[in-house]
Each structure stands twice: as C-alpha cells, then as structure tokens.
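Dear colleague,

I am passing on the structure we spoke about, with the sequence alongside. Below it you will find some notes on what turned up when I went through the model.

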Amino acid sequence: MTGDVILTFAADAPVGVAPWWVMLIPALPMLGVILCTLMAIAGVRSKLPAWVTVGCLGASFVVAVAMLLNHGEGAAVAKAWDWFHISWGDAQGQQFNAIFGFYIDRLTILWMLFVTGLATLIGLYASEYMSHDVGPGYCRFFVAFNLFVFSMACLVMGANMLMLYLGWEGVGLCSYLLIGYYYKKPSAVAAGKKAFIVNRIGDLGLALGVYLTFVHFGTIEYAELFASDKLAGYLEHASHGDFSHIPLAAQVIPMLLMVGAFGKSAQLPLYVWLPDAMEGPTPVSALIHAATMVTAGVFLIARTYPVFQVSEYALPTVAWIGGLTAFFSATIGMAQFDIKRIMAYSTVSQLGYMFAGLGVLTSVGAAAHVFTHAFFKALLFLCCGAVMHGFAGQLDLRKLSGLWRMKGWGIVSITMLVGCLNLAGFPVITSGFWSKDMIMAEAFVRPGMGPVGWLLLITAGLTAYYTFRVFFRVFVGPQEYHPGDELHDDGHGAEHFHPHAPGWAINSVLVILAVLSFVAIPLVALNHGGWVGEMIHGSTAHYEAHAEAGHHGSVWLAGFNPHAVMYYISAVVGIAGILVAYALHLRGRTSAGEAPAAEAFKNALGPVQRWAEHKWYVDELYDFLFRKPLWVLSQIFRYVDMLLVDGLVNTAGWIPSALGGRLRRGQNGVLQSYAASMAGGLALFVVVVLILASRSG
C-alpha cells in the first residue's frame, strides 16, 4: 500500500490432511440433484423434492458444523482424486497438477456455515412459496437449487483455482437457470440472459488471472501457492512499499482476478445484471443474489489476499470501486418503487461496503459484514417475497400500506422491521451497525482512503432513508392494498380480492432469520470482530497492520481516532436517515399512493429524481455504446457470411447442378434426339479443330 504501513501475514502452518467426511458437504447437495431429477422423471407431484432438498442441505450444514468443531489451526486438504497431471518438462511451470479436493481453513468454514445454513432455511421457505408449481416445474426448481449449493461448495472449498473456477461457472449456470425459471415470461428470459452475458465478461478476467497465476508461480494449488518462496519475497517487498522489485506479471494477476470479482459481485461497471435478476422467484433472490453467490467475488479476494498485496494498485482500486458502487447504487435505490428492486440495489450497495473493507485492509470488517448481511438481507428479501406471494405479485410501494394491522401479517411486519433496522445500521442493537462501522472507521485510518470513508458514511444515511421508505410506506400508515398482475379474475374483480397470509414454513424461516440477525451481534461486535475475527485469523485473509507513526485518524476526522468516534457518527447519520424517511413517507400520509411531503421533495429535485428513477440511464448508455454497435457489426458479418461465404459455396454447388439440369433435358429416350446431339457435338468439334489449325498455321 504505502511505505509507512508494514504488513505481516499470518505464518503459513504446514498444510495437514482434512478428514474424508468434509467431502460430504458438496456430496449431499449433489445427492439432492440426483434424487430430484429421478423424481422429475417419475412424475412426482408432491412437495417431496422440497423435503429431500431440505434434508440434504440440512445434513450438509450439520457436517459443516462438525468441520468447525473438528478443525484446529492452519489449513488442511481433503483429496478425492488426482484430476489433472500433465507434464511437458522438468522446469517450473512445465507441470500442471490439479487435484479434485478441498482446502479447509477458517475462511472456508465461515463461508460454508452460512451458505449451507441459509440454503436449508430458504429451501424450507421455497417449499411453500413454490407450492403453486408442484409437478415438473417444482422438481426442476429444486434440481437447480441443489446444483447451486454444490457449485458454491466447490467454489469455496476447492483446493485450487481450477476447482474455484468450476464452482464459479457452476453458480453462473444455476443463476441463469433460476433467474429464468419462469421461461414463458419474456422479462425473466431477458434477465437470465443479461446475467449470463455480463458475468461472462468478469469470468474472462478470472480465467486470464488463473492462467497467469500458473505461468508465473508454476501452480494453481492453494497450498503450494501460499507457501511459495516467490510469493513470500514479493510480500516482503510490498510490506516496505517497494513495488519496483515485484514483476509486472505478478502485479497484473490480482487486477485480472478483480475483474472476475466485480462481475460476480455486481460492482461498477458490471452491476447491471443483479437488479434485473429479481425476475426470478424470491427464494432465488434471497439465496443467490443476497447471501451467497454475490459474495463469491468477496471470497475470491479474501482467499487470494496475499496475491492482491503484491500489487501497488489492486487493493486501492478495490476500495474505490467498492465505495463508488455503494454510493451510486444507493442513489438509484432511493428512487425506485418496486420493493424487491430496492432491496436488489441495496445488495449492490452493501457489496460495495464489503469490497471497500477489503480494499482498506479490514478483511475482518469485510467478512463480518458478509456474515451479518447474509442473515438480514435474506430476511428482507423473504419478507418482500411473502408480500408478493400474498398480494398476487404486488410489489409497488405506492399500492400497499398498513400491513402491520392486517390479520396474519404480524410476523412478516415485525421481521421486516428487524431486517430494516439491520440494513439501516440502527445503533448498538443491530449486527449491521457493528459490521459496517468497522469498515467505515478503517477507511478513515488508511492514508489516502478518507474520501472512500466519506462515500461510505454518506451512503449509510441514504441506506437508512430508502430502507425505512419501504417500511413506512408498506407496513405502517393507513390500511390499503391493491392486488398485483398475478390476480386471476374470477368475475368479482379486484375489489373482492383478499390477500392470503403466509403459512408456517414462511413464517418460521422469517422468525429464525430475525433471531439469527441478533445472535450475530456478539459474533461480530466483541473486540472488533469477535468470533468472525477469530475465524479470519489464521486464514489467507488475515493480516496484522502496524503504522509506524501510530494508529491514529487521518486529517479527514481532524485527528480523532475513527474507531472511537465512528460509532457515534454513524449512529447519528443512520437515525437522521430514518427520521427523514418518517417525515417524507409516513407523517401526514392518508393513503398508500399519496405522500405530500415526498411529492414536494421530489418536485424540488427536478430532473434529478427522474434520472435516478431511470437508474441514471446506465442501461441505455450500455445499449448505445455496446449492444447496438455489436448488433450492427453482427448484421454486417451476417451478410458477409450469407452473400460472400455462403454465396461462393452455393455458386460452386449450383453450377454443376445447372449444367446437369440442362443436359438432363436431352435424356428423353428418343433415338433421333440422341443422333442430332451427336451430330451437333461432332460439328462443334470440327469447328474447334479448324479454328485451332488456322491459328497454328
């Protein structure tokens, strides 16, 4: 980073041998894939696929807990089989080895605990949410659901970069399948394709980073890479700010990996796929696009944190992109009316916090926010899904109000409040407050990162505002509702529509997630990281930073220690955002659609509100700069192929066919015709001979 900060990474303990049973964590979801596939073939029309899924994923979570209890210090590898063993010489970089195995350290365990735990809960939620589609579609959904968890396990637990890439592409495939689950709905199909294509851009960067890692370090196995003398030498130079002795190739590797991380975790400029991904069923939004898949980019950087340290510009770039993404997406979320889409932009924004945390060297803060965000954001999405499920697909906050007082909606309203308080960072009593504060405070500590800290602090206020804008508009206020587009008109019209409250499965999951969001407080709040900090220690993401001039605040906070004052500053900012939301969207509101204060504020903003509502026209800009030029280019190539390439081939085939057709007319079986043809041919031959003879003479 800079010359006055010395970084010391955790000493690499000898890599041990992990017990064989840790391989059950990915194996059990794959068993679920096989069983749900067989049920689809057998034509099962019950909730059996859901119960099998919950059973397999629950068992996988139990094994993850056992892995936590059994694991000691350092890392261990569980090898299933030799996957690739290719040799074309004896020198370094001339032997490609990759095992199908799993690298187990505390970072792996932390991620797999919430991946398998949340997948189990969301599977239970989906058993009720998807019950309208019992049959082939139900089986298809849970096949992709299980396959996603298997792919995520390979990504997180893989012993090498090839296993990571296998899981990386696997979760991308499953994302495409689940976003486009409603394949008869054009918007869902378009969203699935958009997610797949945008992720391909990031995946190219990841692939090039993996290739260059092998070329430069001679291995893609984590155990060998992190223990290599070459990497240790680079880290020694980096710790003193001497990057001139680190080869360019080594510094390019993290920049390429960063592109992959930005694509999968929806950071600028590759964030545009995630909001559209809300076209998938809500359990998909909660599992893939809130808690697990979108944190894959954060995991990639945390796993390869030592590699990122050897580049002078990698982590500062991560910090700036994270801060800008957090702020930019928050401004869009403030102006949206679809509550699920607001939560989608919130996810993009909170992912920006996580990247900023990694960039300002608080990997503990980043991991803590990943951990807390997984619970409260899944809770928020599932609450929105319960509303959507009960009100015939209605998600417009201008058409719903006062759910708190409706019979059967008490649990949803209370748990939604818990999720909103966490996302808004309400002081002290929420886990989101503690995890975000670690990141913001560290941004003010790091030299040159003060502007990033201010971006994150302003974003905290915007987040509190748009979060409670949803809560005050939908869950409190005058009681009013209008059904969504999924209403099946039975002849009585929308005026006789009655919403159906969620059942035991949905309510149980919401309560459990709300409780877990409170349980997470001591796990992240004690001693600047708590249990999560202990999990990061000893992993590849751990470091110890010592500033030679003392660990004091930067000029951005006028000499104060940010870790001491940030709790108070962020608390004031968060509460201010909530109060503004109250003033604009609850006080004086007499119906679901009317909020006089909010309308006045909107009019005062003029065109800015319209620009934000249209997402700053980024999609239109991308369409103009990339999609349309590529479409024009593809049409040019199409006509070149059709007229030139195909034209030459077709002409070569047409000439013999035409000649044959012409000659075929003479094959009529009439002897006189054959004689005339022979005479004509003989005459033509004589003429040609005479002409040639005259020229030669």
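This is a predicted model: local features need pLDDT of at least 70, side-chain atom pairs count only at pLDDT 80 or more; totals for chains, interfaces and linings use all residues.

Leaving aside residues up to four places away in sequence, M416 touches M343, L380, C383, C384, V470, F471 and F475.

Helix α19, which spans residues 450-474, contains T467. This threonine, T467, counts as buried because its relative accessible area is 0%, against a cut-off of under 20%. A polar atom of the T467 side chain lies 2.6 Å from the backbone oxygen of T463, and, again not counting residues up to four places away in sequence, T467 touches C420 and L423.

Two packed helices are described by the angle between their axes and the distance between the axes. For α19 and helix α22 (residues 562-585), the axes come within 7 Å and cross at roughly 35 degrees, and the crossing is right-handed. On the α19 side the residues that meet α22 include L457, A460, G461, A464 and F468, while those of α22 that meet α19 include M566, I569, V573, G577 and A581. Sorted by class, this contact of α19 with α22 has 14 nonpolar, 5 polar and 2 charged residues.

Terms used:
Residues are numbered from 1 along each chain as its sequence is written. Side-chain values use heavy atoms; hydrogens and water are left out. Helices (H or I, at least four residues) and strands (E, at least two) are DSSP runs, numbered from the N terminus. Buried means under 20% relative accessible area, exposed over 50%, partly exposed in between (1.4 Å probe, protein chains only). A polar contact is a pair of N or O atoms within 3.5 Å; within protein, one must be able to donate a hydrogen and the other to accept it, and residues adjacent in sequence count only if both atoms are side-chain atoms. Contact means heavy atoms within 4.5 Å. Axes are lines fitted to C-alpha atoms, for helices over the stretch in contact, and angles run from 0 to 180 degrees between N-to-C directions. A crossing is left-handed if the near helix is turned anticlockwise from the far one by less than a right angle, and right-handed if clockwise. Ala, Val, Leu, Ile, Met, Phe, Trp, Tyr, Cys and Pro count as nonpolar, Asp, Glu, Lys and Arg as charged, and the others, Gly among them, as polar.
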